[in-house]
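Hi,

Here is the structure I said I would pass on.

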Amino acid sequence: MTSEGESEDEGEGARGPWWRDAVCYEIHPRSFADSDGDGIGDLPGATDRLPYVRDLGVDAVWLTPFYPSPLADAGYDIADHTDVAPDLGTLADFDAFAARAHALGLKVLVDLVPNHTSDAHSWFREALAAPAGSAARDRYLFRPGRGVRGEEPPNDWRSAFGGPAWTRTGDGEWYMHLHAPEQPDLDWHHPEVVADFERILRFWLDHGVDGFRVDVAHALFKHPALPDAGPGQHEDPARNHLMPYYDREELHPLYRSWHTLLADHPAGPPGAAPPGERLLVAEAAVFDPARLARYVRPDEMGQSFNFAFLECPWQPAAIRAVVEESVAAMTAVGAPVTWVLSSHDAVRPVTRYGGGPAGARRARAAALLMLALPGTAYVYQGEELGLPQVELADDRLRDPVWRRSGGTERGRDGCRVPLPWEGGQPPYGFSSAAPTDCWFPQPEGWAGLTADAERGDPASTLELYRAALRLRRSGSPRAVADGGALRLLSPPGASYLAFDRGDGLVCAVNFGPDPLPLSDAFETTEVVLASGPSTDGGRLPADTAVWLRR
Ligand code: GLC
């Protein structure tokens with residue numbers, strides 16, 4: 001099942017390249033750790049905190065964009081893809097970050113954002129300064145409007161952030177943006193666009209990165225005729241692949257070329273993954289598992305985020321279906337399955353799963369579920385502390401979704417509140433700035449959720465993650481790369497989900513409401529790790545997960 005993919009990868013050990021069963025920790029730098037007291041997290045601050053990440057027991061870090069940006073979309077609007085935003089540091093600070101990560105045994109992934117640039121990018125400025133119809137506009141998607149005077153957008157496409165996907169310029173032409181107007185989409189049929197991203201990939205490989213998370217990987221190519229997409233756009237993600245701006249065939253030759261580039265580009269600085277062990281991760285909002293698997297065929301990317309898992313409600317039947325479909329689709333192409341519960345774009349699991357004590361219990365159970373599943377996992381900063389979503393005041397919201405939805409959708413800022421490191425009051429060691437001067441204000445009441453408070457407390461979420469990751473990494477049960485041996489033990493329709501990964505480790509999650517007798521279900525009660533305080537005399541309480549050895 002995996003032999004095809006494995007035989008084509010170079011430089012791997014017996015278990016495949018490092019990323020086949022890795023756990024990657026997502027750092028959103030502005031909210032992670034501030035070293036210079038301006039209230040904004042930065043690269044030196046992140047470097048200082050890398051030992052914490054290493055001690056958590058993960059294998060890699062992924063940095064969300066730290067490039068120069070006017071911050072119309074938290075840095076996903078990039079003005080210069082090969083530099084560092086001045087408020088986050090310098091290129092030398094990035095090099096120091098990568099070197100420190102490598103010295104600690106951590107791989108480094110960075111974000112590649114190829115679908116669009118910032119409107120402050122030199123190409124877009126040049127395009128706006130040039131007259132309608134000029135070549136300088138061809139790197140983007142400029143078009144005349146419809147209607148008698150061109151006053152209607154060129155088609156009916158909608159922005160993923162709300163509103164039309166077109167903005168009119170002063171001279172009457174329109175340009176396309178699948179996100180905010182400050183994020184004009186590039187035209188990937190233009191050879192200079194292709195060439196520039198090859199330059200960008202090589203630049204960061206030379207700076208020691210071990211891989212790239214490819215932003216909006218499903219949208220780079222648009223249908224050349226730009227036809228109308230019809231009603232209901234972005235309303236049913238399961239239909240994404242049918243949109244004329246998503247999931248087009250032209251993407252795959254491009255990703256094959258990037259695969260080759262990563263495999264062939266000379267070795268970076270000492271400590272960086274050698275050619276053949278570098279990783280491309282697709283952020284592809286494609287929900288048909290078989291379509292998603294096409295991004296991770298052996299000669300394309302290595303992994304694709306599993307949004308179906310992240311978005312799945314806390315229901316055994318739904319989660320069971322996602323697990324089965326994900327494993328089947330990915331193993332069919334020899335790719336590891338990825339599992340993810342949170343990111344800088346998603347409502348924190350504690351809140352998403354119901355909030356309060358129940359949400360917290362479920363998030364802990366979900367963590368043990370995720371970390372038992374075969375393949376790779378992504379952990380977003382603060383997930384390991386069990387942080388809830390924060391309700392920010394209207395005037396502190398930065399997400400373009402807030403503005404573009406006319407104030408009806410609050411957007412994603414509530415999961416981007418700075419990490420609490422220590423102490424009893426905001427800013428909890430995040431910064432020396434006044435709490436109100438921080439990138440986002442932190443709430444009162446997080447004293448018990450700081451890294452410092454949770455470290456060493458066996459009941460804490462931090463220690464649960466550390467125990468699970470320790471077992472995964474070096475102990476028994478260790479990480480399992482391939483999903484082929486996974487065997488579901490719970491019958492369809494049961495109020496619990498249980499599986500044997502194929503190596504004798506059983507993970508059981510009880511969704512409740514009744515306690516689940518472990519001995520009857522699995523002929524064992526040898527608990528390796530539990531997400532809840534007690535297994536109640538061999539009975540697993542509701543909203544609790546357990547790892548068992550058979
Ligand atoms: C991805 C990012 C998200 C960003 C969008 C546009 O989905 O994760 O934060 O807003 O791309 O770049």
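Before the helix pairs, the conventions: axes are lines fitted to C-alpha atoms, for helices over the stretch in contact, and angles run from 0 to 180 degrees between N-to-C directions. Helices (H or I, at least four residues) and strands (E, at least two) are DSSP runs numbered from the N terminus. This is a predicted model, so local features need pLDDT of at least 70 and side-chain atom pairs count only at pLDDT 80 or more, while totals for chains, interfaces and linings use all residues. Residues are numbered from 1 along each chain as its sequence is written, and side-chain values use heavy atoms, with hydrogens and water left out.

Helix pairs first. Helix α12 (residues 356–372) packs on helix α15 (residues 461–473) at about 10 degrees, their axes 10 Å apart. That makes the two roughly parallel (angles under 35 degrees; over 145 is roughly antiparallel, 65 to 115 roughly perpendicular, the rest oblique). In contact terms (heavy atoms within 4.5 Å), Arg364, Ala367, Leu368, Met370 and Leu371 of α12 meet Thr461, Leu464, Tyr465, Ala468, Leu469 and Arg472 of α15.

The other pair is α6 (residues 191–206) with α7 (residues 251–264): the axes come within 11 Å and cross at roughly 30 degrees, so α6 and α7 are roughly parallel too. Here Phe197, Glu198, Leu201, Arg202 and Leu205 from α6 touch Trp258, Leu261 and Leu262 from α7.

At 18% relative accessibility, His207 is buried (under 20% relative accessible area; exposed is over 50%, partly exposed in between, with a 1.4 Å probe and protein chains only). Beyond neighbours within four places in sequence, His207 contacts Leu91, Phe94, Asp95, Ala98 and Pro269. Its C-alpha is 9.6 Å from that of Ala92, 115 residues away in sequence.

Now the aromatics. Rings of Phe, Tyr and Trp (its six-membered ring) pair if their centres lie within 6.5 Å, and planes under 30 degrees apart are stacked, over 60 edge-to-face, the rest tilted. That rule gives 28 aromatic pairs. One of them, Phe309 with Trp339, is edge-to-face, at 5.1 Å centre to centre and 75 degrees between the planes. The pair links distant parts of the chain, 30 residues apart: Phe309 is in helix α9 (residues 307–310) and Trp339 in strand β10 (residues 338–340). Phe309 is buried at 3% relative accessibility, and Trp339 is buried at 0%. Elsewhere, ring pairs join Trp188, Phe197, Phe221, Tyr255, Trp258 and Tyr295 into a cluster.

Cheers
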